[in-house]
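Please read the briefing below with the sequence and the 3D structure side by side.

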Amino acid sequence: MSADISIKITDRDGLTHEVLAPTDMNLNIMEVVRMYELAPEGTIGICGGMAMCASCQCYVQNSIAIPEKGDDEEAMLSEAFNVKPNSRLGCQIHITEEIEGLEIELAPET
């Protein structure tokens, strides 16, 4: 049985939103941000979630275990602006029960 999980997302204005994300729809963090309209339309997920633009870059703020970065994500982050050691692409973090309690902050728009 699938369930919704709770995620805290700090938007680019510094406001933190606690949102519920369904685990049964194969969504990722970028899609949840868009679903809740936490970033202006056209500023996040420009490539459609293909790890090709870094517009969904976020900073993981807590120690929730998430899957390791893949080669495409590593390559995109190596070319992105405002990258930190805890940077990830939201489109590459899938909504699963294992990431319950994840806290992220959206990277500044560049």
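A residue is called buried when its relative accessible area is under 20%, exposed when it is over 50%, and partly exposed in between, as computed with a 1.4 Å probe on the protein chains only. By that rule asparagine 26, with a relative accessible area of 62%, is exposed. The model is a predicted one, in which local features need pLDDT of at least 70 and side-chain atom pairs count only at pLDDT 80 or more, while totals for chains, interfaces and linings use all residues. Residues are numbered from 1 along each chain as its sequence is written, and side-chain values use heavy atoms, with hydrogens and water left out.

**The nonpolar core**

- A nonpolar core is a set of buried Ala, Val, Leu, Ile, Met, Phe, Trp, Tyr and Cys residues that are joined through side-chain atoms within 4.5 Å.
- The largest such core has 29 residues, and those with the most contacts inside it are Ile7, Ile9, Ile29, Ile95, Ile99 and Leu102.
- At least two residues of this core come from each of strand S1 (4-10), strand S2 (16-22), helix H1 (29-35), strand S3 (57-60), helix H2 (71-79) and strand S5 (103-106), where helices (H or I, at least four residues) and strands (E, at least two) are DSSP runs numbered from the N terminus.
- H1 gives the largest share of this core, with 4 residues.
- Contact means heavy atoms within 4.5 Å, and isoleucine 99, leaving aside its neighbours within four places in sequence, is in contact with Ile5, Ile7, Ile29, Ile64, Ala65, Ile66, Ile93 and His94.

**Alanine 65, a partner of isoleucine 99**

- Alanine 65 lies in the loop between S3 and H2, and because its relative accessible area is 65%, it is exposed.
- Apart from neighbours within four places in sequence, alanine 65 is in contact with Glu98 and Ile99.
- Alanine 65 and isoleucine 99 are 34 residues apart along the chain, yet their C-alpha atoms are separated by 6.8 Å.

**The two sides of helix H2**

- Which residues of H2 are buried? They are Glu73, Met76 and Leu77.
- These residues cover an arc of only 95° around the axis, so they sit on the same side of H2; the arc is that of the directions from the helix axis to the C-beta atoms.
- An α-helix has 3.6 residues a turn, so residues three or four places apart point the same way.
- The face of H2 turned away from the buried side carries the exposed residues Asp71, Ser78 and Glu79, whereas the cover over the buried residues includes S3 and strand S4 (87-89).
- Alanine 75 also lies in helix H2, and its relative accessibility of 37% makes it partly exposed.

**Loop residues and backbone angles**

- Most residues other than glycine have a negative phi.
- Asparagine 26, in the loop between S2 and H1, has a positive phi of about 55° although it is not a glycine.
- Alanine 54, in the loop between H1 and S3, has a positive phi of about 65° and is not a glycine either.
- Is alanine 54 buried or exposed? Its relative accessibility is 14%, and therefore it counts as buried.
- Not counting residues up to four places away in sequence, alanine 54 touches Met76, Ala80 and Leu89.
- Aspartate 11, found in the loop between S1 and S2, counts as buried because its relative accessibility is 8%, and beyond its neighbours within four places in sequence it is in contact with His17, Leu38 and Leu106.

**Pockets**

- On a 1 Å grid over the protein atoms alone, a pocket is an open set of points where a 1.4 Å probe fits, with protein on both sides within 12 Å along at least five of seven lines, and its lining residues have an atom within 4 Å of a point.
- The largest pocket has a volume of about 200 Å³, and of the 16 residues that line it, the closest to its centre are Cys53, Ala54, Ser55, Pro108 and Thr110.
- The second largest pocket holds about 160 Å³ of space, and its lining consists of Arg34, Glu37, Ala39, Pro40, Glu41, Gly42, Thr43, Ile44, Gly45 and Ile46.
- Both volumes are the space filled by probe spheres set on the points, with grid points joined across faces, edges and corners.
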